[in-house]
Amino acid sequence: AETKKIAVIAGDGIGPEVVAEAEKVLQKVGEVFGYTFETEHALFGGIAIDQKGTPLPQETLDVCKRADAVLLGAVGGPQWDNNPKELRPETGLLGIRKELGLFSNLRPAVVFDCLKDASTLKPEVLEGTDLMVVRELTGGIYFGEKFRRETEFGEEAVDTCAYNVTEIERIARQGFEIAMKRRKKLASVDKANVLETSRLWRETVIRVSAEYPEVELEHVLVDNCAMQLLRRPSSFDVIVTENMFGDILSDEAAMLTGSIGMLASASLGEGSYGLYEPVHGSAPDIAGQGLANPIATILSTALMLRLTFGYSEAADAIERAVAEVLDAGHRTSDIAAGRGNALSTTQMGEQILNAIRK
Ligand code: NAD
Ligand code: IPM
Ligand code: MN
């Protein structure tokens with residue numbers, strides 16, 4: 001097979017720790033299945049601010065653009081939290097998503113049977129939960145005009161939220177297309193009782209739904225969805241929603257699986273190119289201690305293999321390896337549910353590595 005080029009931007013905090021394990025998994029998959037991956041590393045986030053004066057150096061963007069896919073760790077940390085906007089790691093993250101046209105963020109949340117005790121929810125509520133959040137990633141309040149101004153009541157800050165019909169249509173279509181390949185149920189989440197952007201969202205989703213008569217569509221207000229996710233998680237199949245709602249609901253969905261350390265993601269545009277990253281952040285509270293769960297990042301590489309490269313057998317092998325290792329009782333501390341003997345980041349990585357086979 002041809003060589004696949006992967007840009008690796010590990011970032012800050014636990015980013016480099018979890019990405020290192022994912023890279024080993026890629027290497028192993030290459031050996032087992034006969035694929036060749038060529039990785040190119042680049043600075044991104046806080047470390048790029050420190051070394052290059054900007055969170056997303058042009059050179060890093062170029063490395064990403066000439067690759068077939070991007071593997072990203074996480075960015076951010078307290079040392080950059082009081083920086084001006086252009087010198088924040090998170091600004092680099094928003095920039096790279098926008099620059100690469102990655103408007104569709106897929107965040108699958110699957111409850112492994114053997115991890116039901118790792119969640120804070122009751123096992124019987126979690127039974128059978130397997131959902132996918134489809135989050136719009138390059139619009140909404142994240143990217144609207146922001147400014148401050150003086151008013152008679154003192155300084156005022158403004159964030160604006162805008163969505164056009166083209167942006168809504170393409171993410172709605174993604175939601176329906178994914179639902180068609182799954183259990184054909186789509187929940188469109190909005191706040192149409194209050195927000196104008198949500199009213200356009202709902203009208204547009206209804207119009208697009210005519211193209212997908214087989215998909216059972218429900219509209220759920222975001223506050224209710226936050227509640228239903230805890231009440232009846234297994235009834236959800238695909239959830240499609242705007243940028244900020246998707247950010248918040250996916251962290252909530254993570255807790256169904258036991259830990260945010262389990263949640264992988266894929267960010268896609270129009271073609272097969274994609275950026276793959278765990279849903280979690282740089283976790284400064286546990287960084288540098290070997291405590292991070294690498295599974296979210298390892299499962300993100302499985303998504304890369306399946307969605308960008310079309311190597312579905314290899315993707316299956318990674319997912320099987322993760323399931324096997326968890327079934328055997330191996331845990332990092334975030335999913336250990338109070339039991340002792342948790343594995344370190346590298347020990348968990350090694351267990352998964354050893355379980356990868358054709
Ligand atoms: P976080 O996801 O980094 O951490 C939240 C909690 O989950 C922490 O207690 C952390 O220890 C734990 N956690 C996260 N990942 C884990 C893993 N793999 N294994 C075990 N435990 C894990 O969110 P936060 O604390 O709100 O943010 C920290 C920094 O990360 C901030 O600067 C934020 O802006 C940034 N952030 C970046 C991304 C990203 O790069 N995509 C995502 C979210 C937050
Ligand atoms: C995520 C993160 C980012 C987001 C932040 C760090 C900008 O929380 O990837 O979920 O809000 O999109
Ligand atoms: Mn988030």
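Tutor: A residue counts as near a molecule if its C-beta atom, placed from the backbone, lies within 6 Å of it. The model is predicted: local features need pLDDT of at least 70, side-chain atom pairs count only at pLDDT 80 or more, and totals for chains, interfaces and linings use all residues. Residues are numbered from 1 along each chain as its sequence is written, while chains are lettered from A and ligands numbered from 1 in the order in which they are written.

Student: Which residues come nearest ligand 1?

Tutor: Ligand 1 has 23 residues around it. By class, they are 11 nonpolar, eight polar and four charged (nonpolar: Ala, Val, Leu, Ile, Met, Phe, Trp, Tyr, Cys and Pro; charged: Asp, Glu, Lys and Arg; polar: the others, Gly among them). Those that come nearest are Gly76, Gly261, His280, Gly281 and Asn293.

Student: Which helix gives the most to the shell around ligand 2?

Tutor: The shell is Gly76, Glu90, Leu93, Leu94, Asp247, Val279 and Gly281. Three are nonpolar, two polar and two charged. Helices (H or I, at least four residues) and strands (E, at least two) are DSSP runs, numbered from the N terminus. With three residues, the most comes from α4 (residues 89-99).

Student: At roughly what angle do the axes of α1 and α10 cross?

Tutor: Axes are lines fitted to C-alpha atoms, for helices over the stretch in contact, and angles run from 0 to 180 degrees between N-to-C directions. The axes of α1 (residues 15-33) and α10 (residues 295-307) come within 8 Å. They cross at roughly 40°.

Student: Is α1 oblique or roughly parallel to α10?

Tutor: Under 35 degrees is roughly parallel, over 145 roughly antiparallel, 65 to 115 roughly perpendicular and the rest oblique. The crossing is at roughly 40°. That angle makes α1, relative to α10, oblique.

Student: How far apart are the axes of α6 and α7?

Tutor: α6 (residues 165-180) packs on α7 (residues 196-209) at about 50°. That makes the pair oblique. Residues in contact (C-beta atoms, placed from the backbone, within 7 Å) include Phe176 of α6 and Trp201 of α7. The axes are apart by 9 Å.

Student: How far apart are the farthest two C-alpha atoms of the UniProt "binding site" residues?

Tutor: The unreviewed entry lists Arg97, Arg107, Arg135 and Asp223. UniProt positions are in the numbering used here, feature names are shortened, and annotations may be inferred rather than shown by experiment. The residues span 127 positions in sequence and do not all gather at one spot, because the farthest two C-alpha atoms are apart by 26.6 Å.

Student: Which strand holds Arginine 107?

Tutor: Arg107 is one of those UniProt "binding site" residues. Its strand covers residues 104-110. That strand is β4.

Technical notes: Contact = placed C-beta atoms within 7 Å.
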